Amino acid sequence: MKFIKCKDINELSLLAANNFKEVLTQKANPVLGMATGSSPIQTYQNLIKMHNNKEISFKNTKTFNLDEYVGLQPKYVFNSYKDFMDKNLFDFVDINKNNIHFPISWNQEVDINKTDYSLYDEQINKESGLDLLILGLGNNGHIGFNEPGSLLNSKTRLVPLTKNTITANSRFFDSIDDVPRYAVSMGIDTILKAKKIILIVVGDSKKEALNVLKQATAFDINWPCTALVNHKDVTVYFIDDNK
Ligand code: GLP
């Protein structure tokens, strides 16, 4: 795992966007894994700029998002990860909307007893896997919505969100009671199958998780991000706050 210290969010977001540029310009049919959250917003803004400057095109690109909420009230459609991606990237680039994939639709009726969504993994495999996957980091070390306790061999599945995550994400809702209790997320195994992974770490609340990751030599089930030590092409971008 490579750790790259950045001086600020601008530098981090440019370096992250350059990873996309490399794949988008080198591969004929790129397959991208996409993350939501506040961390990648500027990275996606850079991609829009690069697209406007005709440096990159998404014409032949397929995307697979990491996760989506389950049971989101319709009034919070703007908090769906589908909406986030449209507003922060997809509406501004030349991607074919048929090539955009989510593990479920945000407004899909879901039986919470059905947890297996590994068809999504099969769909990704059929496209010969993800060429590049961008990840953010949860305060508790989650990646996607793989909360502590997630298994290394986990596939795409329905997951209950932890109290920590519900509290962290309540900033986007009128009340904490409105935050969905479930999501469908790529599993850790799904994530580790990506050919190249970039993890962007933004925010003071990630400090503990980042330190655990820096020191990790093996997977620790209490810190899902440590699964990344088992992957051969991971770059972690973080901001140096000792300036
Ligand atoms: C959310 C998402 C993650 C994201 C993380 C951090 O719960 N499911 O994919 O990486 O939390 O979010 P943020 O970038 O807003 O700090």
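Two strands pair if DSSP finds at least two bridges between them; strands (E, at least two residues) and helices (H or I, at least four residues) are DSSP runs, numbered from the N terminus. The model is predicted: local features need pLDDT of at least 70, side-chain atom pairs count only at pLDDT 80 or more, and totals for chains, interfaces and linings use all residues. Residues are numbered from 1 along each chain as its sequence is written, and side-chain values use heavy atoms, with hydrogens and water left out.

**Exercise 1.** Determine which strands pair with S8, and in which sense.

*Solution.* Step 1: strand S7 (residues 157–160) is joined to S8 by 4 bridges, and the two run antiparallel. Within this pair, Pro160 has Tyr182 as its bridge partner in S8.
Step 1: strand S4 (residues 67–70) also pairs with S8 (residues 182–185), antiparallel and over 4 bridges. Here Val70 has Tyr182 as its bridge partner.

**Exercise 2.** State the strand order of the open sheet of 7 strands and identify its edges.

*Solution.* Step 1: the order is S1-S10-S9-S6-S2-S3-S5, with parallel pairing.
Step 1: strands S1 (2–6) and S5 (100–101) each have a single partner strand, so one side of each lacks a neighbour in the sheet.
Step 2: S1 pairs with S10 (residues 234–239) in the parallel sense over 5 bridges; Ile4 is bridged to Tyr237 of S10.

**Exercise 3.** Describe the surroundings of the ligand.

*Solution.* Step 1: 13 residues surround the ligand (a heavy atom within 4 Å); Ser38, Ser39, Asp67, Phe145 and Lys206 are the closest.
Step 1: examine polar contacts, which are pairs of N or O atoms within 3.5 Å. A side-chain N or O atom of Ser38 is 2.6 Å from a ligand oxygen, and a polar side-chain atom of Lys206 lies 2.6 Å from an oxygen atom of the ligand. A backbone N or O atom of Gly144 is 3.3 Å from a ligand nitrogen.
Step 2: the ligand alone exposes 390 Å², of which the protein buries 93% (Shrake-Rupley method, 1.4 Å probe).

Conventions: Polar contact = N/O pair within 3.5 Å; in protein donor to acceptor, adjacent residues only side chain to side chain.
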